[in-house]
Amino acid sequence: MDRFERDVLTMLCAGLPELRQECANLSADRKALLDRIEVEAASRRPVARLVSQLLECDPEDIVEARRGPATGLPGAGGGRADDEVFGCPDDSCNHRARTVPAGEPPRCALLGLRMRRL
Ligand SMILES: [Zn+2]
């Protein structure tokens, strides 16, 4: 998988809950498209083209458009030093999540699997 696809996957992994919410109000076609993206992404197949279709933007703009502070990775900054950091279960994307010590490990939104401790 090339770097761009990995970036798109990272965006998808980190932003999936929001994306699902956004698409909940959209047409059945759009929801079907998001379902397909989730299946493809979970199978680690390229999804950049499908995501750009869903968001109606150029593939190159996908990652940039989602990189604003409001949609930044949850807990990616400002964590305490003793927070535990978790990453993608199969290391397919750069999504990182933190949790409090002894807290439940976060799960990957795409795979539904527990994330790996880094
Ligand atoms: Zn992931």
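Predicted model: local features only at pLDDT ≥ 70, side-chain atom pairs only at ≥ 80, totals over all residues.

**Entry: H1 against H2**

Helix H1 (residues 3-24) packs against H2 at an angle of about 155°, and their axes are 11 Å apart. With the cut-off for roughly antiparallel set at over 145 degrees, that angle makes H1 roughly antiparallel to H2. I also noted the hand of the crossing of H1 and H2, which is left-handed.

Next I looked up who makes this contact. From H1 come Leu9, Leu12, Leu19, Arg20 and Cys23, and from H2 come Arg30, Lys31, Leu34 and Ala41. I sorted the residues of this H1 and H2 contact into six nonpolar, no polar and three charged.

**Entry: H2 against H3**

I then moved on to the next pair. Helix H2 (residues 28-42) and helix H3 (residues 48-55) pack at an angle of about 155°, and here the axes are 10 Å apart. H2 is therefore roughly antiparallel to H3. H2 passes H3 in a left-handed crossing.

On the H2 side I wrote down Arg30, Leu33, Leu34, Arg36, Ile37 and Glu40, which meet Leu50, Val51, Gln53 and Leu54 of H3. The residues of the contact between H2 and H3 divide into six nonpolar, one polar and three charged.

While in H2, I checked Asp29, which lies in that helix. Asp29 counts as exposed because it has 9 C-beta neighbours inside 10 Å, and the cut-off for exposed is 12 or fewer.

**Entry: the buried face of H3**

Which residues of H3 are buried? I found Ala48, Val51 and Leu54. Looking down the axis of H3, I saw these buried residues fall within an arc of 120°, so they line one face of the helix. The spacing rule I keep in mind is that an α-helix has 3.6 residues a turn, so residues three or four places apart point the same way.

I took a closer look at Ala48, which is found in helix H3. Ala48 is buried because it has 20 other C-beta atoms within 10 Å, and 20 or more is what the class asks for. Leaving out neighbours within four places in sequence, I listed the contacts of Ala48 as Phe4, Glu5, Val8, Pro59 and Ile62. I also noted Leu9, which is 39 residues from Ala48 along the chain, with 8.1 Å between the two C-alpha atoms.

I went looking at the backbone angles next.

Glu56 is found in the loop between H3 and helix H4 (59-65). Is Glu56 buried or exposed? I put it down as exposed, because 8 other C-beta atoms lie within 10 Å.

Asp91 has a phi near 60°, again a positive value in a residue other than glycine. Asp91 is found in the loop between strand S1 (84-87) and strand S2 (96-99). Asp91 is exposed as well, with 9 other C-beta atoms within 10 Å.

**Entry: Arg114**

I stayed with the loops for one more residue. Arg114 has its place in the loop between S2 and strand S3 (116-117). With 13 other C-beta atoms within 10 Å, Arg114 is partly exposed. Setting aside neighbours within four places in sequence, I found Arg114 in contact with Pro89, Pro105 and Arg107. I also looked up Glu104: it and Arg114 are ten residues apart in sequence and 9.2 Å apart in space, C-alpha to C-alpha.

**Entry: the whole chain**

Last, I stepped back for the overall picture. The protein has four helices and three strands, and from the N terminus on its elements run α-α-α-α-β-β-β. Of the 118 residues in the protein, 23% are buried. Taking contacts between residues at least 6 apart in sequence, I noted that 48% join residues at least 24 apart.

How values were computed. Residues numbered from 1 in each chain as written. Axes fitted to C-alpha atoms, helices over the stretch in contact; angles between N-to-C directions. Helix = DSSP H or I, 4+ residues; strand = E, 2+ residues; numbered from the N terminus. Parallel < 35°, antiparallel > 145°, perpendicular 65-115°, else oblique. Left-handed = near helix turned anticlockwise from the far one by under 90°. Contact = placed C-beta atoms within 7 Å. Nonpolar A, V, L, I, M, F, W, Y, C, P; charged D, E, K, R; others polar. Arc of directions from axis to C-beta.
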